[in-house]
Amino acid sequence: MPDFSARGGFVCFWEVKNRPMEKIPMTAGGHAALEIELKHRQQAERPRIIEAISEARAHGDLSENAEYHAAKEQQALNEGRIAELEDKLSRAEIIDVAKLTGDTVMFGATVKLIDEDTEEERVWQIVGDMEADAKAGRISISSPMARALIGKKLGTSVEVVTPKGARSYEIAAVRFA
């Protein structure tokens, strides 16, 4: 990234426009889920909201029309999410987890961990930020747990600093499915 400090921190449009866009790693399943959400928002939610705005407009005075303002707010939120999804999908770097192998933890790996203090087993798959869901066993590549695990090998002991304090885990299994 260029150093802009010589210009007092000002950024030239040309430099911003020509800066390479950062790729976003995601699994094929995560990419498909985002495409489904985008399609739903464009083809179902957008027309529904437009209809709600039209109905609310028919009620008359827009300055005191709560239904109209609520529908316009829904529209803004939906369009914002559509723009975000289009951006993420355009920058997606789809990683085919099925083609990965080895005993080193990397993006897409499903890792079985054993807490060294309690012997409790946990299984996590390391996925992109947009597809993380801790309840489903998927953690973000940018999470403290994933950052501590990336690059470590099967059988290694890893210390992870979590909101509950430092925990030590042994990597009991690494698989790619």
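Strands S6 and S7 pair in the antiparallel sense over six bridges; two strands count as paired if DSSP finds at least two bridges between them. Within this pairing, glutamate 159 has serine 168 in S7 as its bridge partner. A hairpin through two residues joins S6 to S7. The model is predicted, and local features are reported only at pLDDT of at least 70, side-chain atom pairs only at pLDDT 80 or more, while totals for chains, interfaces and linings use all residues. Residues are numbered from 1 along each chain as its sequence is written, and side-chain values use heavy atoms, with hydrogens and water left out.

## Overall composition

The protein comprises four helices and seven strands. Helices (H or I, at least four residues) and strands (E, at least two) are DSSP runs, numbered from the N terminus. In order from the N terminus, the elements run α-β-α-α-β-β-β-β-α-β-β. Of the 177 residues, 30% count as buried. Here buried means under 20% relative accessible area, exposed means over 50%, and partly exposed lies in between, for a 1.4 Å probe and protein chains only. Among contacts between residues at least 6 apart in sequence, 52% join residues at least 24 apart; a contact means heavy atoms within 4.5 Å.

## The sheet

The pair S6 and S7 belongs to an open sheet of five strands, in the order S5-S4-S3-S7-S6, with mixed pairing. Its edge strands are S5 (138–140) and S6 (157–162), each of which pairs on one side only. On average, neighbouring strands of this sheet are turned by 45 degrees against each other, direction ignored. Such axes are lines fitted to C-alpha atoms, for helices over the stretch in contact, and angles in general run from 0 to 180 degrees between N-to-C directions.

Strand S7 (residues 165–175) also pairs with strand S3 (residues 110–115), in the antiparallel sense and over six bridges. In this pairing threonine 110 stands opposite arginine 175 in S7. S3 in turn pairs with strand S4 (residues 121–127) in the antiparallel sense over five bridges, and lysine 112 has valine 123 in S4 as its bridge partner. S3 and S4 form a hairpin with five residues between them, and glutamate 119 in the turn has a positive phi of about 65 degrees.

In which sense do S4 and S5 pair? They pair in the parallel sense, over three bridges. Valine 127 stands opposite serine 140 in S5.

## Helix H2

Helix H2 (residues 28–57) has 30 residues and reaches 42 Å from its first C-alpha to its last, close to the 44 Å expected at 1.5 Å a residue. The expected span is 1.5 Å times one less than the number of residues. At arginine 41, H2 bends by about 35 degrees; the bend is the angle between axes fitted to the seven residues ending at a residue and the seven starting there.

The buried residues of H2 are Gly30, His31, Leu34, Leu38, Ile49, Ile53 and Ala56. What covers these residues includes strand S1 (24–27), helix H3 (66–90) and strand S2 (92–95).

## Salt bridges

A salt bridge is a side-chain nitrogen of Lys or Arg within 4 Å of a carboxyl oxygen of Asp or Glu. By this rule the count comes to 10 salt bridges. Three of them are listed below.

| Side chains | N to O distance |
|---|---|
| Glutamate 37 and arginine 81 | 2.8 Å |
| Arginine 46 and glutamate 79 | 2.9 Å |
| Arginine 167 and aspartate 115 | 2.3 Å |

The pair of glutamate 37 in helix H2 and arginine 81 in helix H3 links distant parts of the chain, 44 residues apart. Glutamate 37 counts as partly exposed because its relative accessibility is 23%. The pair of arginine 46 in H2 and glutamate 79 in H3 likewise links distant parts of the chain, 33 residues apart. Arginine 46 is partly exposed at 28% relative accessibility, and glutamate 79 is partly exposed at 28%.

Within the sheet, arginine 167 in strand S7 and aspartate 115 in strand S3 are 52 residues apart. Is aspartate 115 buried or exposed? Aspartate 115 counts as buried because its relative accessibility is 2%, whereas arginine 167 is partly exposed, with a relative accessible area of 23%.

Finally, Glu37, Arg41, Arg81 and Glu84 are linked in a network of salt bridges. Among these residues, Arg41 is also the site of the bend in H2.
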